[in-house]
Amino acid sequence: KGILWYQGESNAGNPAEYKKLLPALIADWRAKWGQGNIPFLYVQLPNFMEVNYLPAESNWAMMREAALQTLSVPNTAMAVTIELGEWNDIHPDNKKDVGERLALGAQKLAYGEKNLVASGPLYQSSQIAGDKIVISFTNTGSGLTSIDGEELSWFAIAGEDKKFVWANARIEGDKVVVWSDEVPQPKYVRYAWADNPYGANLYNKENLPASPFRTDK
């Protein structure tokens, strides 16, 4: 009926390669099973390692980006697990919630429940509006929310120099508006771009977390 895949930790040393490996794996398995575009569902890597309280580069974030980009492959689904990991265990204990999120994807992709909200918010596009950046999402479900009721966290913003600083962010309808007084001419934004963005709190009202993303490449 379909394939479930949870892997990537051992590839985190070369995330750019994984952007090719994961789609290639899907194509190869589909060819070997001979069932056309059989549903392929996979898990985006969870949070892991020490929390870094400054905006920084992250191979684990790039691995999650590789997973996000692989949604361009037809008949695929991704379970976001950004808060289900443990800082000191590469194989976190909470398998149940991972399975339930995969099951949501399977219900929609393999079993045809088209109206089901099976994913948290996924980055769609961004627009610069003066000194702010406005971000649009798919999979907003019943609406965007801060899961803990606090201000949105783990948004960072940068100008042309790509020097990221923590940003203010607020939900406006089905969009998020991001800004910082330190960056009067913003160009790029990142969300939960870290090995362990502990406490990242952008969700939809179905209690599914937003995938990490960046607009700089």
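S180 is buried, because its relative accessibility is 8% (buried means under 20% relative accessible area, with a 1.4 Å probe and protein chains only). The model is predicted: local features need pLDDT of at least 70, side-chain atom pairs count only at pLDDT 80 or more, and totals for chains, interfaces and linings use all residues. Residues are numbered from 1 along each chain as its sequence is written, and side-chain values use heavy atoms, without hydrogens and water.

**S180**
- S180 sits in the loop that joins β10 (175-179) to β11 (188-191); strands are DSSP runs of E, at least two residues, and helices are runs of H or I, at least four.
- The S180 side chain comes to 3.1 Å from the backbone nitrogen of E182.
- Beyond neighbours within four places in sequence, S180 contacts I157, V165, W166, A167 and N168 (contact means heavy atoms within 4.5 Å).

**Helix α2**
- Helix α2 (residues 59-69) is largely enclosed by the rest of the structure because eight of its 11 residues are buried.
- Among these buried residues are W60, M63, R64 and E65.
- The buried residues of α2 pack against α1 (15-33), β2 (40-43), β3 (76-79), β4 (122-129) and β13 (213-214).

**Nonpolar cores**
- The largest nonpolar core has 43 residues; such a core is a set of buried Ala, Val, Leu, Ile, Met, Phe, Trp, Tyr and Cys residues joined through side-chain atoms within 4.5 Å.
- Helix α2 gives the most to this core, five residues.
- A second, separate core of eight residues includes L41, A79, L84 and L102.

How values were computed
Buried means under 20% relative accessible area, exposed over 50%, partly exposed in between (1.4 Å probe, protein chains only). A polar contact is a pair of N or O atoms within 3.5 Å; within protein, one must be able to donate a hydrogen and the other to accept it, and residues adjacent in sequence count only if both atoms are side-chain atoms.
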